[in-house]
Amino acid sequence: MTAYLQRQDRLALVTQATANVTGKRYCSHHQGEVAVTEGDFVMRNKSRRWICFRCQERSQVHRDALLKRAG
């Protein structure tokens with residue numbers, strides 16, 4: 001147990017174990033649970049976050065619209 005408490009990646013281990021058991025992950029973008037197969041990890045604001053593909057697509061469309069408006 002002591003070795004576990006000294007690990008730096010405890011949160012990642014618990015999150016992965018929960019995803020393995022439930023088959024779901026928490027989308028950090030829309031704040032909801034989604035099936036593990038419907039998302040992936042991305043880098044946002046210098047941190048690695050799990051975001052569902054639907055939110056990734058919406059973010060890309062939003063960024064494209066902003067670029068089109070600005071350019």
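Visitor: How many helices and strands does the secondary structure of the chain come to?
Guide: This is a predicted model, where local features need pLDDT of at least 70, side-chain atom pairs count only at pLDDT 80 or more, and totals for chains, interfaces and linings use all residues. Residues are numbered from 1 along each chain as its sequence is written, and side-chain values use heavy atoms, with hydrogens and water left out. Helices (H or I, at least four residues) and strands (E, at least two) are DSSP runs, numbered from the N terminus. Along the sequence the pattern reads α-α-β-β-β-β-α, and the count is three helices and four strands.

Visitor: What radius of gyration does the chain have?
Guide: The radius is taken over C-alpha atoms, and the globule rule is 2.2 Å times the number of residues to the power 0.38. The C-alpha trace spans about 55 × 25 × 15 Å along its principal axes. For a compact globule of 71 residues the radius would be near 11 Å, but the chain has 16 Å.

Visitor: Is Ser-59 buried or exposed?
Guide: Ser-59 lies in helix α3, residues 53-70. Buried means under 20% relative accessible area, exposed over 50%, partly exposed in between (1.4 Å probe, protein chains only). Because its relative accessible area is 10%, Ser-59 is buried.

Visitor: Which residues is Ser-59 in contact with, leaving aside its neighbours within four places in sequence?
Guide: Contact means heavy atoms within 4.5 Å. With those sequence neighbours set aside, the contacts of Ser-59 are His-29 and Arg-44.
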